[in-house]
Amino acid sequence: MSIVTPDLLRRYDVPGPRYTSYPTADRFVEAFREKDYIVALQQRKVLSATAVQPLSLYIHIPFCESLCYYCACNKIITKHHDRAAKYLQYLERELDLHVQHLGRGQVVSQLHFGGGTPTFLSDEELVSLMQVLRARFEFAPDGEYSIEVDPRTVTPERLQVLWDIGLNRLSFGVQDFDSDVQQAVHRIQPAEQVFALVEAARKIGFKSLNVDLIYGLPKQNPQSFARTLEQVGELRPDRIALYGYAHLPERFKSQRRIVRPDLPTAGDKLEMLSAAIDSFIDAGYVYVGMDHFALPDDALAIAKRQGRLHRNFQGYSTQPDCDLIALGVSAIGRIGGTYSQNAKTLDEYYDLIDQGLLPIVRGLALSKDDLIRRAVIMAIMCQGELLFESINNAWLIDCKQYFAAEFELLRGQQEEGLVEVLDDCIRVTSKGWFFVRGVALVFDRYLQAARSRERFSRII
């Protein structure tokens, strides 16, 4: 971190989107409804008849047995596992509504189960759900099929079931190994439990194991987090996702249970971030971008080296930039030049499906300017480079003229050594990669116009 000074971190640690999409989800409108989504599905069906375009699937399982106080996800806290049975029935009905417009046999190259807690489902329910999916889609043999795992809900035997149904990647929610921090966020899971599960997953043969960590949690301090980093070094997962905790109790009710004085200071938070990056780089991890690290032989690090990195609602991905079908309550998808989101409550989700409707409640049809800026922002976020000629040829514009105002905004970042503005491209420097969200948001027309970023987490 010698090239990234604390002063630089402070000045560029501003609120900003994560750019899993552009425009961001806060720009979705309720005027976009089911009929608009169906048009996009039908257009995809026509295109896929002449060229195979693999799909990505996201399945949202909202249920959790207990509340993690830091969580900002759409979740339903319940110990009544019978609620999952009804939910799975509606998921199948939602799938069938998609098949009506897409047809059967669409190729899937990426599948992700998120939540909530996907492993809230029983083994039998997971097996049944995969059978339902395979009956409607064709899964590519070399695809990425992953699930988020709460270590408190699985055993080595359960991990074997996940492998047997075709999942090949796991993401373990660790957050922090310190017992005081775990108690403060209401998520107790001994390190020994995580280590045993990771060892079992490796023996089974999972291709990639990810660990999620969060810095900035209550009761954390640089010394305690250093111990967690040391344990992560011993665990040596294939990938690490390091997130900064955003304390927004006015938006997320669960966070109101966190005592503000227990939160680390801004200075301590920056020290923890600096120490984490140093620790991972020293351990041989490749900094993929933003909050992702991977071992050099992991597919994500290889994709970074080869310029094949992509980004979608699940974060960085090795899969080509493909359409995303999102299923379940609150799930967000992308088809062609559109984004869409399902109903956010179970009652509304169930009601729309009972009416025979796809449960779309809002979304967005992208304008040409949106599409151009999406291409630019994703090039910056994924390749760290914007080639003017490629944008000019793809969109029939003069990039330098089209983004003249944005280039002026980049002057400060260029002087700081975060970007290089050359005759034929803009290139993010090695130092600039740590602030890549800050580079990308220069091209966000909505954010620059609004000058209001309070709704977003900070970029560091």
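Author: Let's start with a term: contact means heavy atoms within 4.5 Å. The model we are looking at is predicted. In that sense, and leaving aside neighbours within four places in sequence, Thr78 is in contact with Phe63, Cys64, Glu65, Arg83 and Phe120.

Reader: Where is Thr78, and why does Thr78 count as buried?

Author: Look in the loop between β3 (76-77) and α3 (83-102) for Thr78. Buried means under 20% relative accessible area. Thr78 has 6% relative accessibility, so Thr78 counts as buried.

Reader: What does the side chain of Thr78 have 3.0 Å from one of its polar atoms?

Author: That is the backbone nitrogen of His80.

Reader: Why is Arg152 called partly exposed?

Author: The label partly exposed is for values between the two cut-offs, under 20% for buried and over 50% for exposed. Arg152 has 28% relative accessibility, so Arg152 counts as partly exposed. You will find Arg152 in the loop between β5 (137-149) and α5 (156-164).

Reader: Which side chains make polar contacts with the side chain of Arg152?

Author: One is the side chain of Ser66, at 3.4 Å, and another is that of Asp150, at 2.8 Å. Both values are set against a limit of 3.5 Å. Arg152 also touches other residues, not counting those up to four places away in sequence, including Cys68, His186 and Gln193.

Reader: Are Cys68 and Cys322 buried or exposed?

Author: Buried means under 20%. Cys68 has a relative accessible area of 9%, so Cys68 is buried. Cys322 has 13%, so Cys322 is buried.

Reader: What makes Asp291 count as buried?

Author: Asp291 has 5% relative accessibility, so Asp291 counts as buried. Asp291 lies in the loop between β9 (286-289) and β10 (292-294). Not counting residues up to four places away in sequence, Asp291 touches Arg18, Ile240, Ala241, Leu242 and Tyr243.

Reader: How long is the polar contact between the side chains of Asp291 and His292?

Author: This polar contact is 2.6 Å, against a limit of 3.5 Å.

Definitions and conventions: Residues are numbered from 1 along each chain as its sequence is written. This is a predicted model: local features need pLDDT of at least 70, side-chain atom pairs count only at pLDDT 80 or more; totals for chains, interfaces and linings use all residues. Side-chain values use heavy atoms; hydrogens and water are left out. Buried means under 20% relative accessible area, exposed over 50%, partly exposed in between (1.4 Å probe, protein chains only). Helices (H or I, at least four residues) and strands (E, at least two) are DSSP runs, numbered from the N terminus. A polar contact is a pair of N or O atoms within 3.5 Å; within protein, one must be able to donate a hydrogen and the other to accept it, and residues adjacent in sequence count only if both atoms are side-chain atoms.
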